[in-house]
Every structure is written in C-alpha cells, then in structure tokens.
Amino acid sequence: DLFRGVAERLPNRQFVMAGPISKRLPTEERAKLESLSNVQMLGAISREELRERFSDAAMLVFPSGREGLPLSVIEALGMGVPVLGQPATSMPELIEQGINGYLHDPDDLDTWAEVLDAEFETSAPDRQLRAVRLRKSACEQYAWRGIADRYGTLYREMLSKP
C-alpha cells in the first residue's frame, strides 16, 4: 500500500518494483499496481540487471517495516543510491537522515512523495558526487573484510578482559 500510495502521488515519475515479492502480492494489490502507468513490475531479476537498474535509480523506496537487516538497502547504498524507508527494525542504524537517505512514518505518504520528488529534482552532478560518497561509506561499513576486522577487534577486547 505504501509503495502504491507514493506512486499514485507522483504520476509523472517512473517506479520499478523488482524482486520476487512482486510475484507474491495478493491479486488485488498486484492489479492495483499494474493499473498504474508509472509502475513497472519486473519480478526476480539477475544481479547484472539489478546493478543496471540501481545505476539509473534516483532512490530506493523501501517500504517494509519488518525486515531485520535488508540486504537490498545495503546493496542500494553500495551502488550509491539513497534509501527512503520507515524508522523500523535496523533501518535507523543503516540510514542517516539526510545523508544516505530518509526515514519517515509509513502513514505520512505525502512526506514520502515530497522526499522522493525532491530526489528526482537533484542534479546529475550532485547525484554523482553523493553516489561516490555513499559507495565509499557502504564499502567501509559493510564489506566482509571490514566486518571481519571489527569482529576480530571485538573478540580480542573481550578475551583480554578478566
């Protein structure tokens, strides 16, 4: 409902829904989304196509409030794409308000639409500069090597305490 509500508020903006969730939507909700001319539903796509789609994306709209640590959010940040989501589960740990995305109440669809519309208006050079910063930050925080190093430090600290 959230994704559809935002897409309905921005009829002149193009939305793409990717992933197997689009196949599992209830028939009625799927029909509502398919009736919107500005929504394209891709279903499951390859990693290559996902990267290609992210390279063209203004923002990842992540409406879920139930996923613990959404890898799609980390992937978007790693591709330099900011994220719009709700302040639930681990999202406040992943998203720095106004830095790499925005978190808003899921009942405030007008704010979601305003944030997304403003993102569409961001100039290409500004998007490119931010994308470089987001990629660098995501790689520093979420690359396996960095995570392993931080866990190693944590374990050594724990073992050194009496």
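Strands β1 and β2 pair in the parallel sense over 4 bridges. Strands here are DSSP runs of E with at least two residues, helices are runs of H or I with at least four, and both are numbered from the N terminus. Two strands count as paired if DSSP finds at least two bridges between them. Within this pairing, Met-17 stands opposite Met-41 in β2. The model is a predicted one: local features need pLDDT of at least 70, side-chain atom pairs count only at pLDDT 80 or more, and totals for chains, interfaces and linings use all residues. Residues are numbered from 1 along each chain as its sequence is written, and side-chain values use heavy atoms, with hydrogens and water left out.

Phe-15 and Met-17 form the covered face, whereas Val-16 and Ala-18 form the uncovered one. In a regular strand the side chains alternate between the two faces of the sheet. Gly-43 is placed in strand β2. Its relative accessible area is 1%, so Gly-43 is buried. Buried means under 20% relative accessible area, exposed means over 50%, and partly exposed lies in between (1.4 Å probe, protein chains only). Gly-43 and Val-16 are 27 residues apart in sequence, and their C-alpha atoms are 9.8 Å apart in space.

The largest nonpolar core has 20 residues. A nonpolar core is a set of buried Ala, Val, Leu, Ile, Met, Phe, Trp, Tyr and Cys residues joined through side-chain atoms within 4.5 Å. Phe-3, Val-6, Phe-15, Leu-33, Val-39 and Leu-116 have the most contacts inside this core. Two or more residues come from each of α1 (2–9), β1 (15–18), β2 (39–43) and α7 (109–120). Helix α7 gives the most, with 5 residues. A second, separate core has 14 residues, including Ile-74, Ala-76, Met-91 and Ala-138. In soluble globular proteins, nonpolar side chains tend to be buried together.

Leu-33 was examined for contacts, meaning heavy atoms within 4.5 Å. Neighbours within four places in sequence were left aside. Leu-33 is then in contact with Phe-3, Arg-4, Met-17, Leu-25, Val-39 and Met-41.

A search of the whole structure finds 13 salt bridges. The criterion is a side-chain nitrogen of Lys or Arg within 4 Å of a carboxyl oxygen of Asp or Glu. Side chains of opposite charge can pair when their charged atoms come close. Glu-75 and Arg-47 meet in a salt bridge with an N to O distance of 2.5 Å. This pair links distant parts of the chain: Glu-75 lies in helix α5 (residues 71–78), Arg-47 in helix α4 (residues 47–56), and the two are 28 residues apart. Both ends are partly exposed, Glu-75 at 26% relative accessible area and Arg-47 at 49%.

Other salt bridges lie within one helix. Glu-49 and Arg-53 meet at 3.5 Å, N to O. They are 4 residues apart in helix α4, so about one helical turn separates them. Glu-49 is partly exposed at 29% relative accessibility, and Arg-53 is partly exposed at 30%. In helix α9, Asp-149 and Arg-145 are likewise 4 residues apart, about one turn of the helix. The closest N and O atoms of their salt bridge are 2.8 Å apart. Asp-149 is partly exposed at 38%, whereas Arg-145 is exposed at 61%.

A network of salt bridges links Asp-1, Arg-4, Glu-8 and Glu-29. Glu-29 is in helix α3 (residues 27–34). With 12% relative accessibility, Glu-29 counts as buried.

Leu-154 is in helix α9 (residues 144–160) and is partly exposed at 39%.

Thr-89 has a positive phi of about 45 degrees although it is not a glycine. Thr-89 is found in the loop between β4 (83–85) and α6 (91–94). At 40% relative accessibility, Thr-89 is partly exposed.
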